[in-house]
Amino acid sequence: MRLLRFLLALAVSCLLILRLQVPQSVGDKNLPPLGSFFNPFSGFWKNAEPSFGLPFSEQKISGLKAPCEVVYDDLMVPHIFAQNQEDAMRVQGFVTASQRLWQMDMTTRKAAGRLSEVLGERTLAIDKNSRRRGMVFAAENALIGWRKSPDGMRLLEAYTAGVNDYIAQLSRQDYPIEFKLLDYQPEPWSVLKTALVIESMAENLAAGESDLAATNTLAKFGKETFDFLYPEWNPKQQPIIPDTGQWKERQVVLPPPATTSYKAEQNLDNSLTSNDLPEIQEIDGYLKGSNNWAVSGSKTASGHPLLANDPHLNLTLPSIWYQVQIHTPEQNCYGVSLPGVPGVVIGFNENTAWGMTNVGHDVSDWYRVKWLDTEHTKYTLDGEPREVRKQIENILVRGKETVVDTVRYTIWGPMTFDNDPAHPLYDCALRWITHDVPEPDEMALFLLLNSGKNYTDYRAALSGFDCPAQNFVFATRSGDIAIQVQGRFPVRAPGQGRFVQDGSKWANAWQDYIPKDMLPSMKNPSRGFVFSANQHSTPPSYPYYYLSNDFEDYRSRRIFDRLDTLQKATPASMKAMQLDNYSQRAADALPAMFRLLDQSKLDEEGQKMAKEIAEWQYTYDADQTAPPLYDVWYDSCYLKTWDEMDAVRKEKKAILFPEAWRFIELLERDTANIFFDHPDTPARETANDIVNESFKAMQSYFRQNPEKRIAWGNYRGFALKHLAQIDAFSRLDLVVSGNKSTPNAVSKTNGPSWRMIVDLGEKVKGIGVYPGGQSGNPGSRYYDNMVDTWAKGEYYELLFLSAPGEAPDRILGKQTFVSNQ
């Protein structure tokens, strides 16, 4: 009997062990094989970091020409000391992969439309969208351009080899925890994957357009009203590059006006939509933007330039950025890199510093195609038939059959939505600048900036950069400051690209690009500073036409005012500017709103609220209770004014809302404007009615939601989410100041992704911080060790070494890399 019980127990145990080696499903969620995941020798336990310190053993990797030494500081920043550039890139690839491999994998899977291979059917729509937008097509074209530069390709291949050397020496027990959770293994890196990382940034920063929304809005209101509500230039704006007469003598010939294609959008009620409609413009939506500036020695206490940069992006764990120092005979630079891309993106060296903000020009257009057959294999262009190129997309879906999709490519680009006959862009092709083959030297940009010594090197480095277009700020130890709007921009007729265009006429195509010598730039202005905050690149006197639906209107004015009055600046002055919570938008709007508010008709509660708002100094500090009151009041005013647009938005149809500055201008100057009237009431409302109605609505909101009557930081909330949306790997406990309209531009999930200030004195020094940590491992103390410092508005001194033996009190350990051959 005892033997029988033993055999039964053994059989059950074996069956249980086998069962635990198989992935499990709970509802619509997939779990990893629990036996493997909880295995004490190879499961998630192995991802816990040892409490007694980190091992820094010697590494043997392929292809090194000479030994390299890597010094890790107290933030786990690697300082790479190599005897040549190729070796430095090889080691950078290895070291970055050792900390951020899963993040690199997810970034490229998202761009390539391959998430469903590991995440299953729930990401199929995302994968289809990536493929139908031509993300891999763009990356393959980038690779064509890069291959024209043998030196650049050699460095890209060295970085790739370093990543693959790291992957090759991994055993399953060493996989990052997310690979174990999702039960899949890393695959080899490639230069194409580096291109996909770049295209991922292009999709984030250079895909903005409102063609359908503008076309619908024009059809609904007519040209006269459209032009009145949606002017492209804010007269209060401070452009990045002012007009100093530099364009006066330049003769420019613009193309003739493009032909707009309305079709179904002529009657807005016929504007069909679908779930994957290009995102409807948010109400006063958050800009994917940034701040940067450089101040000349004439305005600093030291007499040397200062440079500051804080790119605002969607914030995640692991962090978007990875800090690194790269020291070779050609360069010694420090800054942040993009995991998966060689070199330093934003940073400084022994002679110069540089930073970036997004330009935001519209470089993607929709063209309505006229088909010649029902199978959509041929279309017409200038009366001649053209054939589409079919791209067959085989999308692997975990646990399901492979999904086959066909993407048709026209001369304009991919037919992104022709798989959905109900979509308003069903018969439209996407023309997007990132699909073009770039300049051969595009990837050389950051490598040249990394080693640059002066303004001439800076201009040479920028010349090949195409997309996503950036405002590059620059300063040197010798005293120069500069800024340039750099990218590849189509020459447009006025208004071209603002609406869906007729794709049957080649005259509507981009015929040329703005010449490089006409890209807006400025060096050593007499005012003593240069800056950008995603505002207009130039005033309207600039001879080329460009457009965007989201140029910034408030941060830039606040920053300009502070820089203009700044004297004897120090790094502390730069900190105060980066952490500035003052809202120029609120400062513009509130006086106009209070002039129209009849306070005599407010009850006691309303009087107290009005007093609290009136005493507010327009700062979105986390502990302030007035900002929620103002925000709800302002938003109600805005939506009640644009109720015609809001009704369309609620039907999930694409519609343009007027910009905030235009709304405030009407409050100030045109209080009887017809748009303040509610069309469904017999009375003729004015701005006075809207403001008073909205104040009562604000009162009612907080009366019904007393739990919302709290300080700004808790009211707005802030979530620093893990890339896979795993709450246990996220930081959801942070209370931070700032608002999207303030220089410290924080929203619920967006904000300053890297704060950097560089003092270009005799010895260049930098301070910086980002909301994350160097490690991508949630089990590491260096996963989120900088988050609280960032949230408190504090900075770290960036350790900028000249030799590996310096600053021993800040060194965690050293690692030597040698060739395995």
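**Salt bridges and strand pairing in the predicted model**

Arg649 and Asp646 both belong to helix α19 (residues 643-650), where three residues, about one turn of the helix, separate them; helices (H or I, at least four residues) and strands (E, at least two) are DSSP runs, numbered from the N terminus. The two form a salt bridge in which the closest N and O atoms are 2.6 Å apart, a salt bridge being a side-chain nitrogen of Lys or Arg within 4 Å of a carboxyl oxygen of Asp or Glu. Asp646 is buried, with a relative accessible area of 7%, whereas Arg649, at 28%, counts as partly exposed (buried means under 20% relative accessible area, exposed over 50%, partly exposed in between, with a 1.4 Å probe and protein chains only). The structure is a predicted model, in which local features need pLDDT of at least 70 and side-chain atom pairs count only at pLDDT 80 or more, while totals for chains, interfaces and linings use all residues. Residues are numbered from 1 along each chain as its sequence is written, and side-chain values use heavy atoms, with hydrogens and water left out.

Salt bridges that share partners join Asp105, Arg109, Arg114, Glu117, Glu187 and Lys193 into one network. Within it, the side chains of Arg114 and Glu117 meet at 2.7 Å, N to O, and Glu117 is partly exposed at 22% relative accessibility. A search of the whole structure finds 44 salt bridges. The side chains of Arg154 and Glu86 also meet in a salt bridge, at 3.0 Å from N to O; this pair links distant parts of the chain, with Arg154 in helix α7 (residues 150-168) and Glu86 in helix α3 (residues 85-112), 68 residues apart.

Strand β4 (residues 68-73) runs antiparallel to β29 (residues 811-819), to which six bridges join it, and Val71 stands opposite Lys814 in β29.

Elsewhere, β26 and β27 form a hairpin with three residues between them. Six bridges join the antiparallel strands β26 (residues 755-760) and β27, and Leu760 stands opposite Val764 in β27. Strand β27 (residues 764-769) is mostly covered, five of its six residues being buried, and it pairs in the antiparallel sense with β28 (residues 796-797) over two bridges, Ile767 standing opposite Glu797 in β28.

Definitions and conventions: Two strands pair if DSSP finds at least two bridges between them.
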